[in-house]
Structure formats: structure tokens, C-alpha cells
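Thank you for making time this morning. I would like to walk you through one complex, and I will go slowly for those who have not seen it before.

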Amino acid sequence: MTDSARKALDFGSLDDFQPSRPIARPEASVDEQRRVVDRASAFPSREADAEGQLNIRAPNDMLTRFKAAAKKERYTYGAFLEILLDRYEKG
Amino acid sequence: MAVVTFANSKGGSGKTTSALILACELAEHASVCLIDADPRRPLTTWSTLPGKPKRLTVVTNASEKTILDEIDAASADNQFVIVDLEGTASRLTSYAISQSDLVVIPMKEQQQDALAAIDVIQELKRDMKAVRRDIPFAVLFTQTRVVAKSRTARFVSGQFKANEKTPVFATEIHDRDAYSALFSVGGGPRGLSAKDVNNVEAAVRNAADFAAEVVTMLRSHSAGQKRVA
């Protein structure tokens with residue numbers, strides 16, 4: 001008999017394990033579940049921050065226009081830059 | 001459904017190998033999803049080789065923010081979900097632990113692995129308090145010598161075995177060529193040919209013993225919970 005033909009051991013039927021949602025706080029949203037762990041965990045996040053910073057050199061009147069337009073609509077500079085880029089890409 | 005997570009914050013402690021042999025063994029009897037949360041993606045690479053059991057699927061973790069959704073989705077479709085974590089003390093580890101029905105802490109019988117295993121046990125206890133439920137765990141000695149253990153190995157494993165608060169698997173995952181071969185040949189221990197690898201039968205027996213012990217632990221905890229309820 002080859003090893004690959006060796007019959008698997010019988011654990012008894014594994015029918016007592018059926019697909020289902022995890023038992024941990026099934027009513028909680030994923031964000032809530034993460035927040036609960038975040039409050040207790042001493043293991044830090046190892047993932048890179050999804051946000052960065054950009055230093056823009058441009059004529060002062062251009063910078064003033066950019067800042068004033070963002071402020072008028074209460075956008076952060078990042079959010080306003082995204083709007084401008086979206087418009088630019090749409091042509 | 002049962003979620004079994006393999007965690008040790010030290011790399012090279014035997015997480016991936018022991019997760020793979022458990023997954024392959026359980027997939028002989030049940031539907032199993034193996035979540036590869038190691039950034040090196042060793043199980044995702046393994047899954048491209050021939051011989052993957054039909055009832056085993058491999059999912060590649062995208063990020064720490066997605067692990068809970070991945071476990072949730074896998075749980076809805078599979079009898080067993082097995083999570084292989086990265087070898088670092090990371091928040092991803094804590095998120096996966098929080099969803100687990102059993103945490104396996106693999107370690108070589110060495111001081112550095114032991115210290116990392118203790119770190120994981122302490123984190124696990126913090127996570128248990130956070131989610132307000134008991135999460136069973138047990139230390140699994142890996143890459144062990146079948147005979148003539150070194151004095152250091154006996155000293156390190158002896159301390160865990162003597163401590164009632166750190167459950168230890170009776171089965172050890174031995175240092176076997178068959179287990180190394182899985183990552184180049186593909187498939188599980190049962191698919192290996194005795195022509196290519198020495199002592200396949202002992203590796204198959206070792207894998208089956210480990211899987212049987214995991215199932216016994218899951219059942220005993222589940223029975224304990226029902227009694228409490």
C-alpha cells in the first residue's frame with residue numbers, strides 16, 4: 001500500500017462543525033469588533049499609514065486661490081485636491 | 001464551524017507548516033478555508049502547486065482591515081477556517097485571535113520562540129478580556145526531534161509542560177523532510193510518494209494525530225460552553 005492510498009483516520013463524522021458566522025459578537029459590525037480589540041491590544045498596527053503629505057511650491061496668488069476655494073466649501077486641502085484631480089481626469 | 005488561528009510573533013516557529021498539515025488533514029473529511037495572512041504568502045504560493053485537496057480553498061489576506069470580513073466570509077461557507085498569521089506582534093494577530101475558537105501557538109523548543117509564545121499568550125488574554133469570552137489556546141512544539149532531544153529543548157518544553165496555565169498539545173510536529181517537501185512538491189502529507197521522501201507514513205501519522213487532537217480540543221470547549229449555557 002502506498003502512503004497516498006493510506007486511509008484517512010476517522011475522527012468520527014465532522015458534521016458537528018457546520019458553516020456558520022463566527023460566534024464572537026455576531027451582532028457587532030466589523031468596525032465595532034475592531035474597535036473593541038484596538039482598546040485592549042498591545043500589539044501595534046504594522047501597516048503603512050494610508051495618508052501622506054505633499055509640499056507644493058507655487059506662486060503665492062495660486063496658493064491663496066487654492067486655500068480660499070477649499071475654505072469656502074469647507075473642504076480639507078486633501079479632499080479639494082481630489083475634486084480638482086477628478087475634474088481634470090474627466091477632461 | 002470552527003476558526004483555528006496559528007500565532008507566534010516570531011518567524012520560523014512552524015506556523016505555516018503546522019497550519020498546512022492541519023488544513024490538508026481536515027480537508028480529507030470536511031470543507032476547509034485556509035487564510036494566508038503571512039506577507040510572504042507561502043500558502044498562496046503552495047496553492048498554485050498540484051495536489052491541493054479538493055475541499056480546501058486558500059484565501060490571501062489583503063490587510064489588517066479586511067481580516068475580520070475574510071474570516072466571516074470563510075466561516076459562512078466552510079466547516080473549518082484556519083488562519084496562518086505573520087511572524088510579528090501585530091494588530092492583525094489580535095483581530096484574528098478575537099474571532100478564533102482555538103489559537104494554536106507553534107514554537108520550536110528554543111528560548112526565543114518560547115519568549116515570543118509567552119508574548120502571544122499575554123496578548124491573547126488581553127483580547128479575551130476585550131471580547132469577553134474564553135478563547136482556548138495551546139502550545140504546539142514544532143520541528144522537534146523524534147529521539148535524543150537536546151538538553152535545551154527538554155528545558156524549554158519542560159517549563160511549558162509543568163505550567164498548568166499553558167496547555168500544551170500532546171502531539172509534537174516533528175522535524176521531517178516530508179513537511180519541507182510539501183512546499184516544493186505541493187499537496188498534503190498523504191499525497192507524498194515514499195519514493196521521493198523518507199518516512200512519509202510517520203509524517204502522515206503525525207499529521208493525523210495533530211488534527212485529531214485539534215478536533216478533540218474544539219469539541220471539548222464547545223461541550224464546556226454548552227454546559228455553561
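I will begin with the confidence of the model, then turn to the chain contact and to one pair of helices.

What you see is a predicted model, in which local features need pLDDT of at least 70 and side-chain atom pairs count only at pLDDT 80 or more, while totals for chains, interfaces and linings use all residues. Residues are numbered from 1 along each chain as its sequence is written, and chains are lettered from A and ligands numbered from 1 in the order in which they are written.

The predictor gives the complex an ipTM of 0.84 and a pTM of 0.85.

Between the chains, the contact, counted where C-beta atoms placed from the backbone lie within 7 Å, takes 45 residues from chain B and 30 residues from chain A. On the side of chain B that touches chain A, the largest share, 7 residues, comes from α3(B), where helices are DSSP runs (H or I, at least four residues) numbered from the N terminus.

Within chain B, helix α4 (residues 91-98) and helix α5 (residues 111-131) pack at an angle of about 55°, their axes, which are lines fitted to C-alpha atoms over the stretch in contact, with angles running from 0 to 180 degrees between N-to-C directions, being 10 Å apart. In this pairing, B:Ile97 is one of the residues of α4(B) that meet α5(B), where B:Leu124 is among the partners.

How values were computed: Helix = DSSP H or I, 4+ residues; strand = E, 2+ residues; numbered from the N terminus. Contact = placed C-beta atoms within 7 Å.
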